[in-house]
Amino acid sequence: MSFTSPYANMIGARRNSATGEPIITIGWHEEIEGRPGFLHGGVIAGLLEMACYEALSQELRDQEAMPRLKPINIAVDYLRGGLMTDTHAVAQVVRVGKRVANASAVCWQDDRSKPIATARMHILLDR
């Protein structure tokens with residue numbers, strides 16, 4: 001997945017290869033604030049979605065023709081408020097079928113063991 005979409009650019013999404021995992025990170029800036037002092041929930045959901053696409057892209061990178069990835073649905077569980085600090089998300093591919101892939105993602109800030117949100121996503125593989 002390339003981070004050339006206007007939304008990814010607006011929230012400042014970037015790959016974080018510190019651990020070798022497909023981690024996506026955003027830093028604090030005023031445009032992503034929701035209620036005062038906290039990240040907007042839509043930014044958190046968008047970050048989780050991008051992490052799912054990134055993990056699936058890595059899983060499928062060796063295929064001859066990369067399928068178009070189309071979202072079917074995403075379910076986000078907000079666990080605590082996201083403060084205005086660096087925020088990270090990583091996803092794991094649960095299953096890749098012929099037409100549908102499933103992924104789960106987690107979003108955290110300072111401590112990975114204390115997530116601020118999790119998500120499950122179903123993605124159509126348009127071959």
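**View 1. Strands β1 and β2 meet in antiparallel fashion through 3 bridges, with β2 covering residues 23-26.** Helices (H or I, at least four residues) and strands (E, at least two) are DSSP runs numbered from the N terminus, and two strands pair if DSSP finds at least two bridges between them. Look for Arg-15, which faces Ile-24 of β2. This is a predicted model, where local features need pLDDT of at least 70, side-chain atom pairs count only at pLDDT 80 or more, and totals for chains, interfaces and linings use all residues. Residues are numbered from 1 along each chain as its sequence is written, and side-chain values use heavy atoms, with hydrogens and water left out.

**View 2. Ala-13 lies in the loop that links α1 and β1.** Is Ala-13 buried or exposed? Ala-13 is buried, as its relative accessible area is 11%; buried means under 20%, exposed over 50% and partly exposed in between, with a 1.4 Å probe and protein chains only. Ala-13 and Ile-24 are 11 residues apart in sequence, and their C-alpha atoms are 6.4 Å apart in space.

**View 3. Six strands make an open sheet in the order β1-β2-β4-β5-β6-β3, with antiparallel pairing.** The edges belong to β1 (14-16) and β3 (68-78); each has a single partner strand, so one side of each is left without a neighbour in the sheet. On average, neighbouring strands are turned by 30 degrees against each other, direction ignored. Helix α2 (residues 41-60) packs on this sheet and touches β1, β2, β3, β4 (87-96), β5 (100-108) and β6 (117-126), where contact means heavy atoms within 4.5 Å. The direction of α2 makes about 45 degrees with that of β4; axes are lines fitted to C-alpha atoms, for helices over the stretch in contact, and angles run from 0 to 180 degrees between N-to-C directions.

**View 4. Here are the pairings of β4 and β5 with their neighbours in the sheet.** β2 joins β4 in the antiparallel sense over 3 bridges, and Thr-25 has His-88 of β4 as its bridge partner. His-88 also stands opposite Trp-108 in β5. Between β4 and β5 there are 8 antiparallel bridges, and the two strands form a hairpin with 3 residues between them. In this pair, Val-90 faces Val-106 of β5. Antiparallel strands β5 and β6 are likewise joined by 8 bridges, with Val-100 partnered by Leu-124 in β6.

**View 5. Leu-48 and Cys-107 have the most contacts inside the largest nonpolar core, a group of 31 residues.** Such a core is a set of buried Ala, Val, Leu, Ile, Met, Phe, Trp, Tyr and Cys residues joined through side-chain atoms within 4.5 Å. At least two core residues come from each of α1 (6-11), β2, α2, β4, β5 and β6. Which element gives the most to this core? That is α2, with 11 residues. Leaving aside neighbours within four places in sequence, Cys-107 is in contact with residues including Ile-44, Leu-47, Leu-48, His-88 and Ile-116.

**View 6. The charged end of Arg-35 sits over the ring of Phe-38, 3.8 Å from its centre.** A charge counts as sitting over a ring if NZ of Lys or CZ of Arg is within 6 Å of the ring centre and within 35 degrees of the ring normal.
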